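I opened this model to look up its ligand site, its metal site and some of its strand pairing. My entries follow below.

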Amino acid sequence: MKSLTDLTFDNRFARLGDAFSTAVLPEPIADPRLVVASHAAMALLDLDPAQADQPEFAQLFAGHKLWSAAEPRAMVYSGHQFGSYNPRLGDGRGLLLGEVLNAAGEHWDLHLKGAGQTPYSRMGDGRAVLRSSIREFLASEALHALGIPSSRALCVTASSTPVWRETQERAAMLLRLAPSHVRFGHFEYFYYTQQPEQLKILAEHMLACHFSDCSEQAEPYGAMFTQIVERNAELIAYWQAYGFCHGVMNSDNMSILGITFDFGPYAFLDDFDAQHICNHSDDAGRYSFSNQVPIAHWNLSALAQALTPLVEVEALRASLGLFLPLYQAHYLSLMRQRLGLLGADDTDQTLIERLLQLMQGSAVDYSQFFRRLGEQPPAQAVANLRDDFVDLAGFDQWATDYCARAASEEDNQDARRHRMHAVNPLYVLRNYLAQQAIEAAEQGDYGPVRELHKVLSQPFEEQPGMQRYAERPPQWGKHLEISCSS
Ligand code: AMP
Ligand code: MG
């Protein structure tokens with residue numbers, strides 16, 4: 001276990017030079033205090049959990065101190081936002097502090113979000129507010145605990161520095177971790193600015209650092225794109241199976257590694273609604289829940305376009321063609337698990353689609369349904385769930401088919417319950433839970449954020465005294481409007 005001063009830096013991205021990022025120092029925020037830290041994320045850097053209690057911890061992650069071996073850089077990228085190309089984005093309020101090499105030989109990017117203005121800030125103040133920093137922290141760690149690929153979050157630091165959004169708020173910083181912060185938009189930037197050499201350097205860097213198994217292939221860049229398609233197909237399958245709505249799937253918010261990235265007005269579904277739009281500013285519903293599948297494909301096409309100087313168009317097209325079938329296979333497999341079904345049957349897809357249609361019409365709580373389905377043997381479980389549905393005849397027909405499908409396999413309830421509870425969370429990061437914790441934190445009480453984080457770090461385990469975190473939202477918590485402003 002290491003102390004804060006023992007971290008080993010190896011800043012590979014910084015070494016790519018000024019065409020890729022600009023050196024900028026963090027601008028500290030006033031009176032830093034630690035809101036919450038993730039011991040699990042600290043372990044990725046081999047950090048002793050007790051280090052979070054050291055005053056230096058909050059100072060480092062509020063921009064007051066810096067390791068001498070860190071090389072803070074603002075990365076340049078562009079991207080398609082709501083379907084339109086924006087030629088210049090970049091880290092407008094976050095800095096890649098450096099890459100830490102851990103004992104397992106892994107590199108982890110340390111990215112400080114809310115670190116002040118950079119050459120890419122445009123009209124922005126370079127800051128992040130407390131509420132959005134807490135939201136990103138909670139979601140990153142909650143997704144990870146669910147087994148869904150995501151960037152990670154080490155800690156949130158609060159301050160007394162005022163910032164203006166719709167009203168006056170306080171600045172905070174989030175320390176984010178990921179094996180790489182390279183987005184689809186990084187490649188788009190070098191493509192649209194017609195810098196083929198830089199594009200190649202970037203591709204080579206990603207290949208060497210993150211897709212080394214593609215290097216031996218006949219067409220390494222093509223193989224890398226195929227893997228990016230595969231990883232994103234798997235990621236989106238997780239989102240759809242677990243009711244996660246990202247909210248701002250712009251191509252600059254999509255990770256080359258296929259991890260959930262850049263959290264804004266996201267939501268986990270409460271009542272199942274395929275058309276749910278979690279981003280209050282998304283009037284047309286471009287990023288609605290069910291649109292996430294075609295939008296991911298669209299973003300991958302935008303990335304493919306940026307790779308045309310490196311890979312034959314036909315090869316890119318063939319890789320893109322893998323997305324939908326791969327997505328469907330992953331999704332089906334995850335949903336079978338959530339339903340407790342063993343093996344595979346040709347009728348499974350229809351069984352799942354029929355269930356979602358029934359849920360859609362009845363405002364059934366998406367997470368609780370699966371948890372309750374595993375709690376008792378199939379016949380008893382569906383009898384208990386029946387009251388939640390409006391179309392009783394439709395549900396009865398579905399329940400009969402589901403029970404027959406479950407009975408067709410060698411299974412027993414103990415094993416089934418155990419298996420289903422291991423994939424169907426009891427605790428989900430519902431927006432109203434995040435909201436309650438944020439309101440307390442804004443009053444200086446960090447207990448609720450810490451408790452919520454702790455509960456969500458073991459979402460499948462029933463935790464004594466924590467029942468209230470497993471409840472459906474109260475009426476006020478059902479339609480919270482989360483804006484893009486953060
Ligand atoms: P986001 O909506 O957080 O994905 O950010 C989109 C772009 O706007 C990125 O280039 C961000 O760095 C930039 N940005 C967002 N908020 C700010 C801010 N407060 N100050 C400067 N740049 C920002
Ligand atoms: Mg972004």
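**Strand S10 and its partners**

I started with Val129, whose bridge partner in S10 is Ala171. I took strands as DSSP runs (E, at least two residues; helices are H or I, at least four), numbered from the N terminus. I called two strands paired if DSSP finds at least two bridges between them.

Before going on I noted the conventions: this is a predicted model, local features need pLDDT of at least 70, side-chain atom pairs count only at pLDDT 80 or more, and totals for chains, interfaces and linings use all residues. Residues are numbered from 1 along each chain as its sequence is written, chains are lettered from A and ligands numbered from 1 in the order in which they are written, and side-chain values use heavy atoms, with hydrogens and water left out.

I then listed the partners of S10 (residues 168–178).
- Strand S8 (residues 128–129) pairs with S10 in the antiparallel sense over two bridges.
- Strand S7 (residues 107–113) also runs antiparallel to S10, joined by five bridges, with Asp109 opposite Ala178.
- S9 pairs with S10 over nine bridges, again antiparallel; Pro162 has Arg170 as its bridge partner there.
- A hairpin of three residues joins S9 to S10.

I checked cover next: nine of the eleven residues of S10 are buried (under 20% relative accessible area; exposed is over 50%, partly exposed in between; 1.4 Å probe, protein chains only).

**Strand S2**

I found S2 (residues 33–37) mostly covered, with four of its five residues buried. S2 pairs antiparallel with S9 (residues 152–164) over four bridges. Arg33 has Ala158 as its bridge partner in S9.

**Ligand 1**

I counted 15 residues around ligand 1, the closest being Gly90, Gly92, Arg122, Asp125 and Gly126 (a heavy atom within 4 Å). I then looked for polar contacts, meaning N or O pairs within 3.5 Å. A polar backbone atom of Gly90 is 2.6 Å from an oxygen atom of ligand 1. A backbone N or O atom of Arg127 lies 3.2 Å from a nitrogen atom of ligand 1. A polar side-chain atom of Asp262 lies 3.4 Å from an oxygen atom of ligand 1.

**Magnesium ion**

Which protein donors does the magnesium ion (ligand 2) have? I found Asn253 (OD1) and Asp262 (OD), at 2.0 to 2.1 Å. Donors are N, O and S atoms within 2.8 Å of the metal (3.2 Å for Na, K and Ca), and water is not among the atoms, so the site may look incomplete. Asn253 has 10% relative accessibility, so I logged Asn253 as buried. Asp262 is at 13%, so Asp262 also counts as buried.

Terms used. Polar contact = N/O pair within 3.5 Å; in protein donor to acceptor, adjacent residues only side chain to side chain.
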